[in-house]
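Hello,

Here is the structure for you to look through. My notes on it follow below.

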Amino acid sequence: MDTPAAEMKLSNISVKFTEETLDEIIRNAGGKRCLGWKFPETNFTKGDAYLSELYRIQLTGEPTEPGKEPFVVNVVVKTIPKNVGRRNTFRSADFFRNEANFYNVVLKELYRFQDSRKPKNPFRDINGCYVAFTDGVNDFVAMEDLGQYGYKTASRAEGVGLEECQRCMRSLGRFHALSLAMKEQEPDRFHEIAHQHVEETYYSARLKYWYNNFLKVQIEIARDAMAHEYPGTALERTMEKFFDCDLYDRMVYLTTTRNQNSVINHGDCWMPNFMFHDSTPAMRMIDFQLARYSSPVLDISFFLYSCTSQALRDAHYQELLDAYYGGLAEMLRDLGSDPDVIFPYTELQKELKQYARFGVGMGIESIPFSLLDESEVPDLDKITGDEAVPIEKIWILRPLKNQAGRLRLTDMFRHATDMGYLD
């Protein structure tokens, strides 16, 4: 990643990222072929991606119409790590395969369905993908560089305000509506893509060996925060009751239990995966490596507990739920489905009671990660050898140093308790 731009070659990205790939990108961007390319003098920081490497490349494309001026396409390419030990440690091939399937099959089918219904306000809040390739060794996903349009990520540590959170919740609702409407109107095709082209990459019985020890580290960090802020209280006892199970198995249950309300989830709803426009209300969702088929509340609760403060939840929780359901209901009607029939608000309330604890389980990981300083982010390419290393020895999380961070973690339990989600 530190190779100077002047020395960069396409093969630095991936041996499968070739001039033919550049032509494909230009064609998918509406042109005829690639006329030239260069690597801009920009770098990503090591904390920008844990499961992948990131590159920027700028292409010049020949337009399809004669006499038109060449045009520029700015691309971000996410690639599988070349360090084999890192790749195996983080099971990168699984995540890239899932994301490639999402872009190549799932999203295309959801958009095909949407286009066939000709909605007045179509959902387009996911960053554009030009090419996604996966073979487990040379994987890459080439996406539209949203930075050129004025999109930026919010601070992980500071979070965002009510208006931005409402935009995210509304967008999640509109995204989920595509699944619910397609499931009602094209059930066979929807179930085919949901069951054959979406896989659980985080919580599955087959992955317990990979994650469970790291989960135990997170639990101890949560206990330490609670012992500092609410020792000997009913809240501490509630947290202990939450942990008084095999938490990994509980999370597997929450991700794999399905019913008529299940949808294609984003899967990784923490703040770095939402990009906000600097001068308009537009926003975009990125990174679908954890896409899953499950309750819509998995996305909702992950977002609410990882991306909002207790003060915001205390004052505006219902408004956030209203933003979600308002976006979902409006999109369903636009697609020709009746929200009062296929997903009335009472069903959202039931789903929250059954599944919102998932957001608490994810929050004990995402909140400590959000509070990491860049100096604390490990250099994953220092992993030596080809063998996988236990992730708890690489992703080093320690007890939270300051009260604000500890309260952010413990208040998540307080809100979930007050709402009856941990009963």
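Helix 4 (residues 92-117) lies across strand 3, strand 4 and strand 5, at about 45° to strand 5. Helices (H or I, at least four residues) and strands (E, at least two) are DSSP runs numbered from the N terminus. Axes are lines fitted to C-alpha atoms, for helices over the stretch in contact, and angles run from 0 to 180 degrees between N-to-C directions; contact means heavy atoms within 4.5 Å.

The model is predicted: local features need pLDDT of at least 70, side-chain atom pairs count only at pLDDT 80 or more, and totals for chains, interfaces and linings use all residues. Residues are numbered from 1 along each chain as its sequence is written, and side-chain values use heavy atoms, leaving out hydrogens and water.

Helix 2 (residues 19-28) lies across strand 1, strand 2, strand 3 (71-79), strand 4 and strand 5 (140-144), running at about 125° to strand 1.

The 5 strands form an open sheet in the order 1-2-3-5-4, with antiparallel pairing (two strands pair if DSSP finds at least two bridges between them). Strand 1 is joined to strand 2 (residues 53-63) by 6 bridges, and Arg33 has Glu62 as its bridge partner in strand 2.

Regards
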